[in-house]
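I opened this model to look up a few things about its inside. My notes follow in the order I made them.

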Amino acid sequence: MIFLYSVVLLLAFAVLVKGADIFVDGSSNLARILKIPGVVIGLTVVALGTSMPELAVSVSASVQGANEIALSNVVGSNIFNLLGVLGICALIRPLPVERSILSRDFPVSISTTLLVFIVVALGSVLGGGFLDLGMEENAGVVSRLFGLVMIAIFLVYITSLVVCARRNPEPESAESAEQKETPLWKCLLFIALGLVLIIAGGKAVVFGAQNIARFFGMSETLIGLTIVAIGTSLPELVTSIVAARKGEVSLAVGNVLGSNIFNLLFILGLSAAIVPVSVNVASVYDMLILIFVSALSWIFSITKRRIGRFEGAVMVLLYICSTIFAILR
């Protein structure tokens, strides 16, 4: 049976990645038809599209009562995006970081992660769970109300991007003009098809991950933090590596930061708004690790306004260490 579950998981990841790819194509072309600025497309549509697997998995897990996967998938994906995706891309080619990302997107990502940590940790201290060394002890909950607050913060962030882009429009390239010729019906068809594949793949990932965890006696938190998180982050990894190889290295950092903000605010917020997400102590410590990783990535980016190959190597090594810690704890 374990072979069958593994096959289901692999096929589900493939469906998720393909679905996200189709969704991004349809959404990007639709955004251009609607004359949405390119910078907004990069930081929102592409970032949201590559995060659709996380959305499908976390929401499916929340609906099915697998709260550990819903939260650990978001936290694990964000850690992998920062250390794994940016680290690997920096090894391929040093990543320049735009001033707007340093002054806006990094602070938003770090502050929202810190906000979620404080809310959960506060509930942990009041409930006594955080002081307990048992990693599976219930530590708190992300309530429906806080989930709605997170979604509201996300909408404010997106709105600020649109307003900023409208005030500073980019000159239209010949490539963009050509892409606008894509028929509206084709864009809508791609979006619909992509969503169907993403939703189906998300449900299959939760099914396969839960059964593999039970077979090996692993916690859902661990499998969500590692296997599921890496699998659902494949679109971010592929998109950023392709961008780095093509020399469009600035897209890699924007894609990762946009995806992380989407993961934390919208995906976790929506999951909690549907069904309050219970948080165990292990996930509280994982959020603390994510805060440290986010701050470190920001510091690496500030130095010479780029992430060099040495920093990239350090980031990849840190991801390996964090994964080993998650397995051994």
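**Entry 1: salt bridges.** I started with charged pairs in this predicted model. How many salt bridges does the count come to? The count comes to one. I looked up the partners next. The side chains of R104 and D105 meet there, at 3.1 Å from N to O. Are D105 and R104 buried or exposed? Both D105 and R104 are buried.

**Entry 2: disulfides.** I then turned to the cysteines. A disulfide is a covalent bond between the sulfur atoms of two cysteines. The count of disulfides here comes to zero. I checked two cysteines for burial. C89 counts as buried because its relative accessibility is 0%. C187 has 1% relative accessibility, so C187 also counts as buried.

**Entry 3: the nonpolar core.** I went to the largest nonpolar core, which has 78 residues. Which of its residues touch the most other members? I noted L86, L95, V116, V142, V205 and V253. Which helix gives the largest share of this core? Helix α4, residues 67–92, gives that share with 13 residues.

**Entry 4: a cavity.** Next I looked for empty space. Rolling a probe the size of a water molecule over the atoms shows where empty space is left. How many cavities of 30 Å³ or more does the count come to? The count comes to one. The largest cavity holds about 90 Å³ of space. I wrote down its lining: G76, I79, L225, T226, D286, I289, Y319, S322, T323 and A326. The elements that give two or more residues to this lining are α4, α9 (220–232), α12 (281–302) and α13 (309–328). The largest share, four residues, comes from α13.

**Entry 5: a pocket.** I finished with the second largest pocket. Its volume is about 170 Å³. Which residues line the second largest pocket? I listed M52, L55, A56, V59, S60, V63 and Q64 among them. I198, I199, K203 and L270 also line this pocket. Helices α3 (52–63) and α8 (184–216) each supply at least two residues of the lining. Which element gives the largest share of that lining? I found that α3 does, with six residues.

Notes:
Residues numbered from 1 in each chain as written. Predicted model: local features only at pLDDT ≥ 70, side-chain atom pairs only at ≥ 80, totals over all residues. Heavy atoms only, no water. Core = buried A, V, L, I, M, F, W, Y, C linked by side-chain atoms within 4.5 Å. Buried < 20%, exposed > 50% of the residue type's maximum accessible area, 1.4 Å probe, protein only. Disulfide = S-S within 2.5 Å. Salt bridge = Lys/Arg side-chain N within 4 Å of Asp/Glu carboxyl O. 1 Å grid on protein atoms, 1.4 Å probe; cavity = no way out; pocket = protein on both sides within 12 Å on 5 of 7 lines; lining within 4 Å. Points joined across faces, edges and corners; volume = space filled by probe spheres on them.
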